[in-house]
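For this entry I looked up the aromatic rings and the charges placed over them. My notes follow the display.

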Amino acid sequence: MRATDPAAVVRGSLRDATSLLLAVWGIGRRTKNPSEEGRKTEAFASKLRSTVNAAVSMKADERKDLLVSATQEVYFHVAGGGRLPEIPFLPHTEAHGETNLFDSKLVERPDDAALLASAYETLGLASGGAEPQLMKQEATDAYLDMQSNRDRLMMMKSVYEGLAATTRLEGVDFPQGDYGMFLRVKAALSGPIANVKNQLRQVRNVLDETGGHEGGQLDLPAAMQVVASNQMRSDVFTRLENVHKDEAWAILIDASKSISSFSHEVKGIATCLSEVANDLISQPDQWAMYSFNNTFEIMKDFDEDYGITAKARLGALTQRNMTLLPDAMRVAHGVMASKAVDVRIMVLVSDGYPTGYQEIEKKLVETIKDISRSGTMLIGVGVNSPKIEEFFTVHCVMDSPYQMMKTFVKAYLELSSMF
């Protein structure tokens, strides 16, 4: 409703850019009899949406070529009308200076005010003196919710900042969200995600003998001890039962520049791991996910649900700066150490090349030894790089998320034999 009608924009590049932006996101005000120009713009927008959706499932080089080609088409589509006096953009997205694409107030236009009055009438609400009070209360509630959520995040962040203060990490942050990208990646990898879930369920449901039962297979040594001591007990039988230990997972994703050539594969692997962890670990407070480069980024904290916010952070995963791998591992381990579970597992996804300061590889070896001695178990997932094998006893290497069933499940099976 706030969007400017492109027909009201002076003909030229700004009108073309405005029409295309609104058409791509389906925001434009549709008419029963669109003009020839409108039909061409809608057709071009539909082509762009198809191109972006197709690029999600491609390899990095193919995706880059396709998107560059699409970008050039957009440029020539807009450039024909001359230089842009301003760059239109949607609210709450990356800004490019001033734009008049959206009104600052919604109900000042007569037609929109009439629509609001109609909505009140349809819903049976009074639109007189109670209206300002109703709007004020709603705004107050929204603000208090936002403030409460911000305070909670700041408190959560302060815990990580205390741990990061003893490392060379420059800070702690929450990534910006892109829920649409998460949904596209998840849809493209639905098959591998389901396969890994099924395989790991079988691995985790292991039959083992448990004693102290009043029926089942007789435990002869226990029975002899009861008879010899003249005890009145009948719990001298064993049974085969599914034995499952509580696990806590901390998943660390490399978001440094060195792995940027495989950014799409990293995002796919991270998406698979998050979906698998959410399915296999019974409580949301028993797994967390982080990314790191110069900074430590919280994608999902142990105390957060795996909801839209966490998924959106995962969808916005980007690679930049250096690889402070041992420092990030120490922060994640510091948070994880407080979890009262049978087994703690840290999963690291990286190319295995730490960078940022001298002797960082030596520091990584020391960190891995310290974490292992604490009882936390480690799995290294190498992305198109066998370098990870030099540091992690339990490891796997893969080029894409489609190899997770073959490689990660095998690594997890190897690790599970140790607990």
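**Aromatic pairs and ring-facing charges**

I began with Y160, which is buried at 1% relative accessibility; buried denotes under 20% relative accessible area, exposed over 50% and partly exposed in between, with a 1.4 Å probe and protein chains only. The model is predicted, so I note that local features need pLDDT of at least 70, side-chain atom pairs count only at pLDDT 80 or more, and totals for chains, interfaces and linings use all residues. Residues are numbered from 1 along each chain as its sequence is written, and side-chain values use heavy atoms, with hydrogens and water left out.

I then looked up the aromatic pairs and found eight. Rings of Phe, Tyr and Trp (its six-membered ring) pair if their centres lie within 6.5 Å; planes under 30 degrees apart are stacked, over 60 edge-to-face, and the rest tilted.

One of the pairs is Y75 with F76, edge-to-face at 5.4 Å centre to centre and 75 degrees between the planes. I recorded Y75 as exposed at 55% relative accessible area and F76 as exposed at 61%.

Y160 and F296 are stacked, 5.8 Å centre to centre with 25 degrees between the planes. Y160 belongs to helix 5 (residues 130-164) and F296 to strand 7 (residues 296-300), so this pair ties together parts 136 residues apart in sequence. Helices (H or I, at least four residues) and strands (E, at least two) are DSSP runs numbered from the N terminus. F296 is buried, at 0%. I noted that Y160, Y290 and F296 form one aromatic cluster.

Last, I looked up charges over rings, which require NZ of Lys or CZ of Arg within 6 Å of the ring centre and within 35 degrees of the ring normal. R168 lies over the face of Y357 at 4.0 Å from the ring centre, and K300 over that of W287 at 4.7 Å.
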